[in-house]
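Good morning, everyone, and thank you for making time for this.

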Amino acid sequence: MYDMDLCDRTDTINELLARYGVKFGIYKNNTFKEQLFPFDAIPRVIGKQEFDMLERGLRQRVDALNLFLRDIYSEKKIIRDGIVPEDFVYSSSGYLVQCEGVTPPGGIYSHISGIDLVKGRDGEWYILEDNLRVPSGASYPMIARALCRRCSPRTFQQYHLEDNRNYAELLKETMDAVNTGGLNVILTPGRYNAAYFEHSYLAEKTGAHLANGSELTVEDNKLFLVGYSGKKERVGAVYRRISDEYLDPMTFNPESVIGIPHIYDVYRAGNVALLNAPGNGVADDKGIYYFVSKMIRYYLDQEPVLYNAPTYLPFYDDDYQFVLDHFDRLVLKDVAEAGGYGVVFADKMTKAQKEDFLALLARERRRFIAQEVIDFEDLDILEENCAVSRKADLRAFVLSGKETKVWKSGLTRFSRNPDSFIVNSSQGGGFKDTWVLSQ
Amino acid sequence: MGIISVEQTDRLYWLGRYTERVYTTMRLYFTTYDTMIDRIAREYSAFCRKLDIPDIYESGDDFCRRYAFDETDENSMISNLKRAYDNAIVLREEIGSEALSYIQLAIYEIQKASGSAAPLMEFQRVLDNLMAFWGICDDQIASENVRNILKVGKRIERIDLYGRLHRSREELGREVHRLSGRIERCNLKYRKDIVEQLTELVQAEEPDCRAIVSAVEQILEVCA
């Protein structure tokens, strides 16, 4: 769907995005730089029926993942019943023994889930990755929509779209649903974090307090925000944008200077909600991804609505052999990496690189997964006023509070390099708005 | 927004100070630049003396360029504007995206000016954006306390600069009066005796500007 009125205003929209500081931080050669996130005005458009199907599949998937997390940190029935091998759970770097026996307020582990999908040329959607720790990106289409409406009101009179500017309301609703009594706080590692724009923008739009670790303190097993006059106000929910290991130096990494000492004790006592819950990394591990369809059948007794890209675990002998036999057509992913790093396409390797990689794989079979390269559809982007095709994915956001809701939009990221499948902003990609038709 | 942390208070106060510093020094720079068009080359030395900044410049042209655009010169206008931005960017949830956007626009304009043969044109837009920033702070920041802290920073900086620039008794008197009204309304810890001392100083026939500059920096017990 092309709307020339909107497309003609691409530069103006990008100028407005720059004006409002819509940037992400990046470290290059040990220097911090803020970069604009290039916006392309041709939206990804998803029809109502298609999105209804995605919505069902995403809710189902996130519900199953939440049940998995609850099970793993309590009864471990899924391991006992032989659905997920224990080796995959306990050897995952995302599994945190400190979370054993701890049930978060409201029983929810993944409150804000970012699910990465692609649409194949066959018209099917495939899940590429689950992000259940600190997924970022919702703020970009949210502000872009507001600016697009300003630049081209006629466009939005003409089409019947779901309004995606309600993300902040959904997020607030999610925080409120698990709040144990007190303020909502967004915990940021600070302005040199890649996603700082998002932290500050979501704080502004949800009315939550944006704080860093030094502004919060624990007393009597409760969490407080400290004012400049010494006044303290109780905090009931923390949407933390720092990773598990830095959250509490008393429980996790003792060298963390950006966390809050004893916050985990407060959480364990049920006196504050942490969004997302610590320990979620065990469920979005690239190795565990292989088992999500099985989880859906196991916990929900349903057939998955959305499927993974065909994936092989070299950990299993049969899959390992398959990987060796079909190596050249696969993409290999290091389960410990994120952000588009640790991804290698076998057909792009030199002979020497292949030999080295296969030797590494033989030594560390648990460390990698292999996937068929999905021939995912290209989307048009504007380059010097001409439409060119580029690879694009979709990060859908699922929010779990009183109920599980799918945000009727998403972050569509595209590669600006015609030969690349890597769409991450940190690697030079851009973004689009995602339009969901309302009728 | 109810509670404001120590860090946020500090940032608000310094955001007020740096925006005012850029605003007032840029207006003075306008005059100095204009005088130097008539080849009164050492005019910039007087500028440096007035502001009590080191005269590290080699010529009028060197001053015009470096004092405006050199980010390695800690006294330059761009350095001060960047400091304002550094404080503003971490206050989005307090001051709002709209107010923040005017600081961002001021940065873009000063960057644009660095390549211009007639930079005062762009500097006018920097000033316009700073004024718009203050206007929108008044209009859109709901928390009176947030507005007050920002304005206390602004007033203190202005008295400091006006003192250094030996501005008139009337101008100094007006600024001290505005500060004393504002500082009472915010919850910052401050020294009432210093405010009284300042009020007395600006009532003298020839105010002791050095004493004013020294006193104004001691008003607050935090954020100094």
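This is a predicted model: local features need pLDDT of at least 70, side-chain atom pairs count only at pLDDT 80 or more; totals for chains, interfaces and linings use all residues.

Let me begin with a strand in chain A: E20(A) is joined to strand E21 (residues 430–436) of chain A by three bridges, and the two run antiparallel. Here strands are DSSP runs of E with at least two residues, helices are runs of H or I with at least four residues, and both are numbered from the N terminus; two strands pair if DSSP finds at least two bridges between them. In general, strands of a sheet pair through backbone hydrogen bonds, either parallel or antiparallel.

Residues are numbered from 1 along each chain as its sequence is written, and chains are lettered from A and ligands numbered from 1 in the order in which they are written.

Back to the strand. Thr412(A) has Lys432(A) in E21(A) as its bridge partner. Strand E18 (residues 386–400) of chain A is also joined to E20(A), by four bridges and in the antiparallel sense, and there Ala392(A) has Phe414(A) of E20(A) as its partner. Are the residues of E20(A) buried or exposed? On one side Leu411(A) and Arg413(A), and on the other Thr412(A) and Phe414(A), are all buried, so both faces of this strand, residues 411–414, are covered; a residue is buried if 20 or more other C-beta atoms, placed from the backbone, lie within 10 Å of its own, exposed if 12 or fewer, and partly exposed in between.

Elsewhere in chain A there is an open sheet of four strands, in the order E13-E16-E14-E15, with antiparallel pairing. Its edges are strand E13 (311–312) and strand E15 (343–345) of chain A, each of which pairs on one side only.

**Chain A as a whole**

Stepping back, chain A contains 14 helices and 21 strands. Its radius of gyration, taken over C-alpha atoms, is 22 Å, which agrees with the value near 22 Å for a compact globule of 439 residues; that globule rule is 2.2 Å times the number of residues to the power 0.38. Of those 439 residues, 49% count as buried.

The domain assignment, which is automatic or taken from a database, gives chain A a domain 1 (4–302 + 376–436) and a domain 2 (310–372). The C-alpha centres of these two domains of chain A are 27 Å apart, and 11 residues of domain 1 are in contact with 10 residues of domain 2, where contact means that the C-beta atoms, placed from the backbone, lie within 7 Å.

**Chain B**

For its 224 residues a compact globule would have a radius of gyration near 17 Å, and chain B, with 18 Å, agrees. Buried residues make up 44% of this chain.

Chain B is divided into domain 1 (6–142) and domain 2 (145–216), and their C-alpha centres lie 21 Å apart. The contact between them takes 18 residues from domain 1 and 14 residues from domain 2 of chain B. On the domain 1 side, H1(B) gives the most, with 11 residues.

As for confidence, pLDDT is the predictor's confidence in each residue, from 0 to 100. Its mean in chain B is 91, and 97% of the residues reach 70 or more.

**Where the chains meet**

Finally, 19 residues of chain A are in contact with 19 residues of chain B. The largest share of the chain A side, four residues, comes from H9(A). By class, this side has eight nonpolar, five polar and six charged residues, where Ala, Val, Leu, Ile, Met, Phe, Trp, Tyr, Cys and Pro count as nonpolar, Asp, Glu, Lys and Arg as charged, and the others, Gly among them, as polar. For the complex, the predictor gives an ipTM of 0.76 and a pTM of 0.88.

Technical notes:
Two residues are in contact if their C-beta atoms, placed from the backbone, lie within 7 Å.
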